[in-house]
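My entries follow in the order I looked things up.

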Amino acid sequence: MMLMEVADEEADEEREHRRRLSPSDFEKLAIVGRGAFGEVQIVRMKGGVLNDEIYAMKRMLKEAMILKNQTGHIRAERDILTESENSWIVSLHYSFQDERNLYMVLEYLPGGDLMGLLMRENTFPEAAARQYVAEISSAIASVHALGYIHRDLKPDNILLDYAGHIKLTDLGLCKKIEHDSMTASGASSDALSVHAAGAMECEDEGKMMKQPSSRGRPTHRDRILAYSTVGTPDYVAPEVLLQQGYGMECDWWSLGIILYECLVGYTPFYADEPVTTCRKILRWQHYFEIPDNVLSAISPECVSFMQALLQGGATR
């Protein structure tokens, strides 16, 4: 009898997954974010076996995505979420469409994102930064193991579950690695590389609107409303900007920037205009500096690790 009950439950759940879904099958609870192409809602499925589950539903306007040439990014995100089944990447439960929109129903993580936590705390002690960086490192490795480069690692795209552990989201800029391509700049033989698809134009970024700062010192929390095709200026590696081909090392550079921001409170190459940020990144050895008060508060091992992420990861 127990086996029969389990079989019935599995059959019901299977039918639920096969059923053609629509937005009317979900009850909207709250809107947690809006972007260039749509919004993210917290929803609950109506009726059925899974009616107690809470999800994050990403709604994307088809017309806007076509005009901005973003359809390939959505396919890339769906493909990697379909392929991945590990604890470091948010789970995709359903995807469907109607006449106007595409929908992705994702795992809901109640802890918010790492940027929100940074905005509340400003900086982390070294022990907390060590934990987050260790988990992000494992998440990056899991993306690379699937054969992808993330290319858009930043605190906004790192979500926290109820226990404070991280998961990666927003995988639309992931790039499948071609195993027979190498960097044009002469990378090591084991670096799998790609050329940027639609590389970032920093000058265009500089024309985007940004919210005014309420602080006198530099901080990434002066939110820039940019819609770059490859990454966010503050976290992008020099080789991505050079458009000469790059590999997995660009994600480790982004991790080094995230570690710096966790400890210092802002990104190392911040500038009022994104084009200036890009120029600083291209001459990063000249501009990279850890403030004295932070340098005296963290261990030499932490400094060494941060520098290694920036110096050793990329082909420069």
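How many helices and strands does the chain have? I counted 12 helices and 11 strands. I note at the outset that this is a predicted model.

Entry on the whole chain. I found that buried residues make up 47% of the 316 residues. I put the accessible surface of the chain at about 16200 Å², and carbon and sulfur atoms account for 51% of that surface. I then looked at contacts between residues at least 6 apart in sequence, and 64% of these join residues at least 24 apart.

Entry on Arg78. I located Arg78 in helix α3, which runs over residues 71-83. Met104 is 26 residues from Arg78 along the chain, and I read 8.2 Å between their C-alpha atoms.

Entry on α5. I recorded helix α5 as residues 126-145, 20 residues in total. Its first and last C-alpha atoms are 28 Å apart, close to the 28 Å expected at 1.5 Å a residue. Which residues of α5 are buried? I wrote down Glu126, Ala129, Tyr132, Val133, Glu135, Ile136, Ser137, Ala139, Ile140, Ser142, Val143 and His144. After α5 comes Gly147, and I noted its phi as positive, near 90°.

Technical notes. Residues numbered from 1 in each chain as written. Predicted model: local features only at pLDDT ≥ 70, side-chain atom pairs only at ≥ 80, totals over all residues. Heavy atoms only, no water. Helix = DSSP H or I, 4+ residues; strand = E, 2+ residues; numbered from the N terminus. Expected span 1.5 Å × (residues − 1). Buried < 20%, exposed > 50% of the residue type's maximum accessible area, 1.4 Å probe, protein only. Contact = heavy atoms within 4.5 Å. Areas by Shrake-Rupley, 256 points an atom, 1.4 Å probe, with all protein chains shown as cover.
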